[in-house]
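Hi,

Here's the structure I said I'd pass along.

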Amino acid sequence: LKLLNTALSEGSVKDAVADMAPKHPEYVALRKALLDYRDMAARGGWEPLPKSLKLKPGATHPVVPALRTRLATTHDFKGDAASTSTKYDEGLVEAVKLFQLRHGLAEDGIVAGNTLTALNVPVSKRIQQIQLNMERWRWLPRDLGANHLRVNIPEYRLDIWEGDRIAMTMRTVVGAQDNKTPIFADQMTHIIFSPYWNVPESIAVEETLPAVQADPGYLDRNNLEVVGTSGKVLDPWSLDWTDTDSYRFRQKPGTSNSLGLVKFMFPNQHAVYLHDTPADALFKKPRRALSHGCVRVEQPTKLARYLLRGQERWDDDRIDGAMHAGKEQHVKLETPVPVYLLYMTARASHEDGAVPFREDIYGYDPQHGRAYEQRLASLQRRSAELGDRLQPGASLPGQR
């Protein structure tokens, strides 16, 4: 409230409040989207489709005209919205697939299950979601850095930004509900090729140790070794397994390593980083909250080449060689790269204005929504002191 207090003393509340709005292109796009969705609400929004509906491509069903109208409202269907045809035809199927793409759903054209649930979210909820995600932009620095990485956790996506454009994008796997990927920002400083995987204590105690005790061949089969506190490799069968403070498990470098062939480090209190994975099939799943908290990236080689571009001697051949060397190697980035792990359940492109909504996979939206309402109420209280009151239910700066 420091800025607002200054504005109050200078009598320039409105100007100060307007200046608080973020300048990020995605924030500006969300602001435009908010106006669009408010216009949808003013025109009546949309009616929910039957909860028992299961509509497959090519079918005929009396609900099809309502589905056509519903998708036309959110600009997913570009055809004749007034058509009364009950045939679920190719044009409407493509509109459903576009809707599924925007919502991170399996693009199969079938209207049922999660697709039906997303279609039936009321316009009022979508407006709240857009407003909340605009507020999340306010929690970020005004300057994210000319070149930086963004991981949007609910979208399972990594983007590399150069100025106001995306230079590279790829799918990710993020933390499961019980091992959430944290929301924070840091600086990527180095890359580790052919990494060891030091098994986290929780996994070691709950998963690895019981497996080793039940199956003597488990260590060799999974390329694991036991290391003492000094870092020396130990004979596992000479240990007292109950003394868990005297040893740890680690997985040796190689194609079966849980971290894959490379990891990307931005040292932080959460011990979270980006890394490769041998489980490539997971990237085909629409829902990818499956890790123990770190972020797995779909194209690690491409990411490593990008980050090391321009660094002497680190051409494609050397990078590929380091990834398959079977020996851990640390490479410092000449210029640290800002990394942002974000939680945006609604985004908007400054290019086409479309709004990809995402499932609130960690259940943060209600909690963050309360923080948004508290901030708005605080602004209203402070502005009321000079009679420059924000109207009840007003939008935050930039949301008008």
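Below is what I found on how some of the helices pack. Keep in mind that this is a predicted model.

A quick bit of background: a pair of packed helices is described by the angle between their axes and by how far apart those axes are.

Let's start with H3 and H7. H3 covers residues 25–42 and H7 covers residues 123–138; they pack at an angle of about 160°, and their axes are 10 Å apart. Since angles over 145 degrees count as roughly antiparallel, that makes H3 roughly antiparallel to H7. The crossing of H3 past H7 is left-handed. If you want to find the contact on screen, look on the H3 side for residues including Tyr27, Leu30, Leu34 and Tyr37, and on the H7 side for residues including Ile127, Ile130, Met134 and Trp137. Sorted by class, this contact of H3 with H7 has twelve nonpolar, two polar and five charged residues.

Now for H4 and H5. Here H4 (residues 64–73) packs against H5 (residues 90–102) at an angle of about 50°, with 11 Å between the axes. That angle makes H4 oblique to H5. H4 also passes H5 in a left-handed crossing. From H4, the residues taking part are Val64, Leu67, Arg68, Arg70 and Leu71, and they meet Leu92, Ala95, Val96 and Phe99 from H5. What classes do the residues of this contact of H4 with H5 divide into? There are seven nonpolar, no polar and two charged residues.

Cheers

How values were computed
Residues are numbered from 1 along each chain as its sequence is written. This is a predicted model: local features need pLDDT of at least 70, side-chain atom pairs count only at pLDDT 80 or more; totals for chains, interfaces and linings use all residues. Side-chain values use heavy atoms; hydrogens and water are left out. Axes are lines fitted to C-alpha atoms, for helices over the stretch in contact, and angles run from 0 to 180 degrees between N-to-C directions. Helices (H or I, at least four residues) and strands (E, at least two) are DSSP runs, numbered from the N terminus. Angles under 35 degrees count as roughly parallel, over 145 as roughly antiparallel, 65 to 115 as roughly perpendicular and the rest as oblique. A crossing is left-handed if the near helix is turned anticlockwise from the far one by less than a right angle, and right-handed if clockwise. Contact means heavy atoms within 4.5 Å. Ala, Val, Leu, Ile, Met, Phe, Trp, Tyr, Cys and Pro count as nonpolar, Asp, Glu, Lys and Arg as charged, and the others, Gly among them, as polar.
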